[in-house]
Amino acid sequence: YAALNEDANREAGTPPPAAATPLAQAPPALPPASAPPAPAPGVVAPEGEVVPPPTTLPTVPTPPAGQSPPVTPVIPSTPVTPSAPFTPSTPSTGSGGSEDSDDSDTGSGSTDESTSGSGSTGGEPAGRTPIDLGADAVSIYDPYGRVTVKGDPADAYDNDLDTIFRIGTASPDEPMNVGIVVDLERTTSVRALELRTDTPGFRVETYGATGSELPPDILDTRWQNFGGRSGVDEGKKDGNVAGDEIERVPLGGERKVRYLLVWLAKPPTRGSTVRLTELKLLG
């Protein structure tokens, strides 16, 4: 009994054991997460991005066996406007010489050739200057022996308006068919002839030759006809002024000659003598 009491007293003096720590329980299993449903077209997704509506491709029908699939024509969205038709331009005429037929007063069948803008106001045309002529450069050309009146050819190009060269034939009712020839001594470019005269109305023709010998006759094939002028100092052709006693006759371009012949085909309006105050060749 004493031993039992001692054991009981010992157990009473011992502190009670600490409460046992409860064991942690595992969380309940969750069902697997499913993919979030796709937002409706045009609805903002959780991330803030607008999802466009799905595009459905058309179904292309399968053609029957042995046939090619139909080709769908491509229609342009913007109509094409045709350009204006091409219109060719009309070529402009050049400033070269023009020809006026004038065969009524001579049997030579020559033409009047001219270049525009020659002018006749006393000054030289733009780009044209007188050609220096040497001593004895001018002489009378009379292959048919028709000259009845003649002066000193030097008076025709001495730059002296007080001296006058005269050349004439017997009858004012017949062609003159005499001339004045200028020997340039070498091949020279000539563009125009200028005459100063107080006997208007005669016809002048111009010829050129390049050989070293002077052709003896007007019908010689070595002469080249450059055209002429009827009614000297009576018209306004090529810018000339009627009655100013100056007549410029273009040669139809740049002519390279050794000899230049001033052929008097028809006499002046009054009489049968031509009076020349000055004769110039312009280059």
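User: In what order do the elements run from the N terminus on?
Analyst: In this predicted model, the protein chain runs α-β-β-β-β-β-β-β-β-β-β from the N terminus on. That is one helix and 10 strands.

User: What share of the residues is buried?
Analyst: Buried residues make up 32% of the 283 residues in the protein chain.

User: Of the contacts between residues at least 6 apart in sequence, what share joins residues at least 24 apart?
Analyst: In the protein chain, 72% of those contacts do.

User: Okay, the core. How many residues are in the largest nonpolar one?
Analyst: The largest nonpolar core has 30 residues. Those with the most contacts inside it are Leu193, Val204, Leu264, Leu279 and Leu281.

User: Which strands each supply at least two residues of this core?
Analyst: β5 (165-168), β6 (178-197), β9 (246-266) and β10 (273-282). β6 gives the most to this core, with seven residues.

User: What does Leu264 touch?
Analyst: Leaving aside residues up to four places away in sequence, Leu264 touches Ile167, Met176, Asn177, Val178, Gly179, Phe202, Arg203, Val204 and Val274.

User: Which residues does the second core include?
Analyst: The second core is separate and has 10 residues, including Ile218, Tyr259, Leu261 and Trp263.

User: Why would nonpolar side chains be buried together?
Analyst: In soluble globular proteins, that is what nonpolar side chains tend to do.

User: Switching to rings. How many aromatic pairs are there?
Analyst: The structure holds two aromatic pairs. In one of them, the ring centres of Tyr141 and Trp223 are 5.9 Å apart and the planes are at 85°, so the pair is edge-to-face.

User: Where do Tyr141 and Trp223 sit in the chain?
Analyst: Tyr141 is in strand β3 (residues 138-141), and Trp223 is in the loop between β7 (203-209) and β8 (224-229).

User: Which residues form the aromatic cluster, then?
Analyst: Tyr141, Trp223 and Trp263 form one aromatic cluster.

Definitions and conventions:
Residues are numbered from 1 along each chain as its sequence is written. This is a predicted model: local features need pLDDT of at least 70, side-chain atom pairs count only at pLDDT 80 or more; totals for chains, interfaces and linings use all residues. Side-chain values use heavy atoms; hydrogens and water are left out. A nonpolar core is a set of buried Ala, Val, Leu, Ile, Met, Phe, Trp, Tyr and Cys residues joined through side-chain atoms within 4.5 Å. Buried means under 20% relative accessible area, exposed over 50%, partly exposed in between (1.4 Å probe, protein chains only). Helices (H or I, at least four residues) and strands (E, at least two) are DSSP runs, numbered from the N terminus. Contact means heavy atoms within 4.5 Å. Rings of Phe, Tyr and Trp (its six-membered ring) pair if their centres lie within 6.5 Å; planes under 30 degrees apart count as stacked, over 60 as edge-to-face and the rest as tilted.
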